[in-house]
Structures are given as C-alpha cells and as structure tokens.
2 protein chains.
Amino acid sequence: MEILQAMPKRTDAKEHLIAAAVRLFRAHGYDGVGVAQLLEASGAPRGSLYFHFPGGKEEIAIAAIRRASARVGERLAARRARGEAPEVYIDGVLNAWAEELSASDYANGCIVAIIALEMGERAPALREETRAAFMKWETEFAAAARAWGMRETDAESFASAMLGAIEGAIALSRAKQSAAPFAHAATALKALARDYLAGSGPSG
Amino acid sequence: MEILQAMPKRTDAKEHLIAAAVRLFRAHGYDGVGVAQLLEASGAPRGSLYFHFPGGKEEIAIAAIRRASARVGERLAARRARGEAPEVYIDGVLNAWAEELSASDYANGCIVAIIALEMGERAPALREETRAAFMKWETEFAAAARAWGMRETDAESFASAMLGAIEGAIALSRAKQSAAPFAHAATALKALARDYLAGSGPSG
DNA sequence: TCCGATCTATGACGGACGGTCTAGTTGCTT
DNA sequence: AAGCAACTAGACCGTCCGTCATAGATCGGA
C-alpha cells in the first residue's frame, strides 16, 4: 500500500511554483527568469524551492516543461478525437496558437522551443526534456495524419514539418508582433497534407 | 567633409567583440551570455566594451543581430543570383542550415530567433532589430519566389512559411540533435512552392 | 622637435542580484 | 509530549553589468 501519497500536503506551493515557471519561462526564457521572480510570482517562500525541488532551478524547469508538454498533448489528443478533416485540424491547431500569442500581446511563447534554443551542452537533462516534449507532440500530429489515411513515413514527415512550422511561426510572430505567420504556416501545411494524401507523395 | 572616419583605428577590438557576440549569443541566447564571456572570447578588455558600445550589452546584441542579418542576407542574395529552380533553391538553403547545425554539434542556432523568443517587452530595441532581420530574409525569399513566376501575394506567403519552417527546424534540430527536421521542412516547402506555381494557388 | 590637446583604451572597483544551502520552526501523528 | 516529516527564513558567496579615474596613442601648432 502506498502511504506516501497519503502524506498531508499543507501547502500547494509546489503547484504554484510550477505554474509560475511555465508562465515566466515561456515568456523570457530559462536564463531570463531568476528564482526570485519565480518565488514572487508564485507567492512561495524562498526556502520552499529547494525542499520541493532539490535540483534547484533546473529541476523546476524540467517540471515546467513536463507540465506544458502534458497540457498541450492533452489538447491535441482531444482535438484529434474529433476526427476533423486535415484542413480543419490544421487551421484549428494553428489558430489556437495564434490566439494564444495575440491574446498575450505576443508575450507567451513555447517553453520547449526557447529552452531548446538556449540550452546546448550546458544542461543535457533539460535538452533531453525538450526532445521528449517535441516527440510527444510529433506523435500526436502523426497519429492525426494517419487517421486521414496518410502512409506511416509520410505521416512522420508531416508531423515534423507541422511542429517545426508552428515553432517557427511563434518566433516570427513574437518578432513581428503579428499573428500572420501562423496563417502562412497553415497554408503551407495544408498544401503538404493535400500532397501527401493525393497519392504517391509530394516527390512523385 | 567627414574627418571622423579618418580617425586612426588602433585596435580591432570592436570587430572581435561583434564576432564573439554573434557566436555566443546564437548558441546560448542573450541572457545566457555574460559580458565577461564576451570579453574573454574576444580578448578585449572590459573598458573597451563600453567605449565602443556605450549602450552596453544591449547595443552589442543589436550589432550582432545586424551582422548576422547582413551575412545571411548576402548568402541568400548570392544564391538567388544563381537562378536555381525552386527545388534546388529550397534544398540548398535548408541543407546549408542543416550543415551549420550538425557541423557545430547542434550548438549554433539562429541569433535572431532566440533573441526574439527571449525578449518581449523587456528590450523593445532588440525586438525591433529581430523584426528587421526577419523581414530582410523574408524579402529575399519572396524575391526568389517571384523569380520563379509566383504571384506577389503568394510569394510573400511562401516567404513567411519558408522562414518559419527554417527557424522551427532549428529548434527541433537542437532538441533532437538531428538534422532530420530540415529535410522534412524542405519537403513541405517544395510542396508549397509546387502548389503556388501550379496555377490558382494552394487553396483553389 | 617639442608640447599640450584630444581621442582611444584600460582594468580595478561597486552595488545589486544570481542560485544555493544550512539551521531552524511548524504542525501532524502516535 | 515526543518524534518526525513538512516546511521556512535568512544569509551565503559568486557573478552580474556598468562606471570610473587614469594610462597610452595620435595629431595640430609653434
């Protein structure tokens, strides 16, 4: 029997900390956010950080990536369950991101992408986490593509292109303070899906 | 008469500083690189930084973005002058980036994208610089597309999709330590170009 | 040829903040 | 009421970026 999970939880500081980390990291990047900001934003006391996350800032970032990965993954799974046509699905996913960006005045980016770009060999654990998050989302896209009747290898290629187009559109959108890049990305992805589904694939 | 430009240049510290800034920022981001690292990498003394760049770190970052923007822009212009077919051009550009990433063990990213993602309202001057750099490259892509016979609006949409696909592929490539995302992005872009050039456009 | 004047270059310094840790307090359980 | 897990406060030292007084280099004028 697991009695550990019955341990009384006296505060929800850990939850608040993760939520603040997701929010701040995806707006300013890993190095752009100090633990002091994390603590202030979450309302958690200073000492709690290393109790809940003995690994310090890096462990918080890992938790934040996992949280974001799971949440976005759930939304994608829910959308896929609707069985939408390619055009509807692609527009839906891209529009959701466009809305996310414009609603936050182009402050909210993707925590996975920015940490992937910041972290080279500096923090292998973080990079591994970004890899896992990207793969999770790609798996979702590939599953949607297979449901449309796309061949396995084509579906994987499409999934990579779709994820890349989204992440790139986020970067462009932030720089230009405009949601237009998402529309252009959607157009490209719909053309790719049409090509792959037309028959022999885009190169034939 | 401009006599200022005739002032003797006793050291090339400024050049070294910009070169080091481009190299380090694109690997670790703006906040991931300290002034001390810039100085050590360039061999310049501390005081020289604030002589050449009174605006400090932010001004160096602006200079670094401009440098990168110009260098990449020149390469793109040179490639465009070759008058390559869409497939060749797209593969060429994407392969160049793939090579850049893999040759550096996936350390070298795009200084424009990472700074665009890191900087929200924190540094408007930097964000404006990223916007300008992205627009310059988009203009290049659009010019190439027009040369293939693409209509004006289609060319602009294609250019945005191409830049976004590249920047996204860089993020994925770093996370996965693989150049595969560039190949998938290239496939998508070739499909888009084919669609746009086929006649009435991808939505007709 | 010498001499200020002006431009260029430098590294030691400081206030602030970075992430981390240890020593201590709280409150549940028995 | 004792023991232990859950939690917290404050201070730690290193690094952060930017400033400063001063040293070196170059030039125009006498």
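1. A salt bridge is taken here as a side-chain nitrogen of Lys or Arg within 4 Å of a carboxyl oxygen of Asp or Glu. In this predicted model, B:Arg194 and A:Asp195 form such a pair through their side chains, with an N to O distance of 2.7 Å. B:Arg194 is partly exposed at 32% relative accessible area, whereas A:Asp195 is buried at 15%.

2. A further bridge between the chains links A:Arg194 with B:Asp195, where the closest N and O atoms are 2.7 Å apart. Between chain B and chain A the count is 4 salt bridges, and 11 residue pairs are in polar contact, both residues being at pLDDT 80 or more. On the side of chain B that touches chain A, at least two residues each come from helix 1 (13-28), helix 6 (111-118), helix 7 (124-147), helix 8 (152-176) and helix 9 of chain B. Helix 8 of chain B gives the largest share of that side, with 14 residues. By residue class, the side of chain B that touches chain A comprises 21 nonpolar, 11 polar and 12 charged residues.

3. The extent of the interface may be stated as follows. Chain B contributes 44 residues to the contact, and chain A contributes 44 residues. About 3700 Å² is buried between chain B and chain A, with 63% of it on carbon and sulfur atoms. Of the area that chain B buries against chain A, 17% is supplied by B:Leu117, B:Leu172 and B:Ala175, more than by any other three residues.

4. In chain A, A:Arg131 pairs with A:Glu128, the closest N and O atoms lying 2.8 Å apart. Both residues are in helix 7 (residues 124-147) of chain A and are separated by 3 residues, about one turn of the helix. A:Arg131 is partly exposed, with 26% relative accessibility, and A:Glu128 is partly exposed at 37% relative accessible area.

5. In chain B, the side chains of B:Arg146 and B:Glu152 form a salt bridge of 3.2 Å, N to O. B:Arg146 is partly exposed at 36% relative accessible area, and B:Glu152 is partly exposed at 39%. Elsewhere, A:Arg79, A:Arg82 and A:Glu84 are joined into one network by salt bridges that share partners. Over all chains, the count comes to 28 salt bridges.

Note on methods: Residues are numbered from 1 along each chain as its sequence is written. Chains are lettered from A and ligands numbered from 1 in the order in which they are written. This is a predicted model: local features need pLDDT of at least 70, side-chain atom pairs count only at pLDDT 80 or more; totals for chains, interfaces and linings use all residues. Side-chain values use heavy atoms; hydrogens and water are left out. Helices (H or I, at least four residues) and strands (E, at least two) are DSSP runs, numbered from the N terminus. Buried means under 20% relative accessible area, exposed over 50%, partly exposed in between (1.4 Å probe, protein chains only). Contact means heavy atoms within 4.5 Å. Buried area is the accessible area (1.4 Å probe) that two parts lose on being put together, summed over both. A polar contact is a pair of N or O atoms within 3.5 Å; within protein, one must be able to donate a hydrogen and the other to accept it, and residues adjacent in sequence count only if both atoms are side-chain atoms. Ala, Val, Leu, Ile, Met, Phe, Trp, Tyr, Cys and Pro count as nonpolar, Asp, Glu, Lys and Arg as charged, and the others, Gly among them, as polar.
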